[in-house]
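Hi,

Here is the structure I promised to pass on. Have a look at it first, then read my notes below.

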Amino acid sequence: MLPGRPRGGDRLKAIRLEIQDEFIALVSHELRTPLTSIRGYLELINEDENLTLEQTRFLDTIDRNAQRLERVVGDLLFVAQVEAGKLSLEDGAVDLNRIVEEAVQAAQPSAAAKSIALVVELGELPEIRGDRARLAQVLDNFVSNAIKFTATAGSISVTTHVLPGEVEIVVSDNGMGIPADELPLLFQRFFRAERATAGAIPGTGLGLAIAKAIVGGHGGRIRVESEEGGGTTFRITLPG
């Protein structure tokens with residue numbers, strides 16, 4: 001075999017991955033159109049002032065699940081774009097502390113439902129350049145994951161710090177932790193931790209892969225520290 005020439009198995013794997021990526025992109029596009037239509041008609045129906053409380057509740061349930069499907073479709077499309085080398089990020093001034101505050105505020109109802117304490121400590125951060133919406137998506141993902149994997153009456157802290165030439169956001173919980181053999185797999189797309197599957201914890205296995213792509217696209221990095229049964233800490237570092 002000539003040096004540098006891919007082996008037959010490697011070629012087949014590359015072809016399978018390419019077909020998989022094309023399939024994900026195609027299915028995602030095909031799902032987005034009907035979902036947009038469903039939500040549009042739901043808005044029209046909700047304008048009817050003669051709806052009963054029960055009918056309104058049913059429509060809200062439909063809309064909530066349609067939004068959930070839209071998020072999954074959006075994640076699939078984003079992953080397909082990343083794999084195709086077409087990651088596109090906006091460029092603007094970003095107040096990371098404000099993003100942290102918004103993520104924690106949005107997560108409060110879920111945390112309260114499990115009696116989880118959310119503690120926030122914000123340092124004096126400079127504004128950075130980046131895609132505000134995508135960075136907010138990263139924070140939402142880490143905070144919501146911390147809540148999912150933390151037991152009732154647990155605690156989660158979100159802190160921000162200034163480092164030399166960088167800024168750092170730390171999300172730490174005292175939840176179930178991650179087994180050492182699963183740590184290298186965390187950021188692979190569609191990876192689901194064994195305890196998440198066994199415990200029927202919802203998720204698609206895309207959140208961390210997307211977070212890594214977004215942070216990497218900003219020139220940053222993500223580090224994870226965890227011990228099974230001893231909680232998990234994610235450190236998101238971005239150029240300051």
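Is the crossing of H2 and H6 left-handed or right-handed? The crossing is left-handed, a word used when the near helix is turned anticlockwise from the far one by less than a right angle (right-handed if clockwise). Asp75, Phe78, Val79 and Val82 of H2 make the contact with Ile210, Ala213 and Ile214 of H6, where contact means heavy atoms within 4.5 Å.

Before you go on: this is a predicted model, where local features need pLDDT of at least 70, side-chain atom pairs count only at pLDDT 80 or more, and totals for chains, interfaces and linings use all residues. Residues are numbered from 1 along each chain as its sequence is written, and side-chain values use heavy atoms, with hydrogens and water left out.

Now for H6 itself, residues 207-217. Helices (H or I, at least four residues) and strands (E, at least two) are DSSP runs, numbered from the N terminus. Buried residues in H6 include Leu208, Ile210 and Ile214; buried means under 20% relative accessible area, exposed over 50%, partly exposed in between (1.4 Å probe, protein chains only). Among the elements covering them are helix H4 (132-148) and strand S7 (232-239). Just after H6, look for Gly219, which has a positive phi of about 80 degrees.

Then there's the sheet. Five strands make an open sheet, ordered S2-S4-S5-S7-S6, with mixed pairing; strands pair if DSSP finds at least two bridges between them. Its edge strands are S2 (117-121) and S6, each pairing on one side only. S2 pairs with S4 (residues 155-163) in the parallel sense over five bridges, and Val119 sits opposite Ser157 in S4.

Cheers
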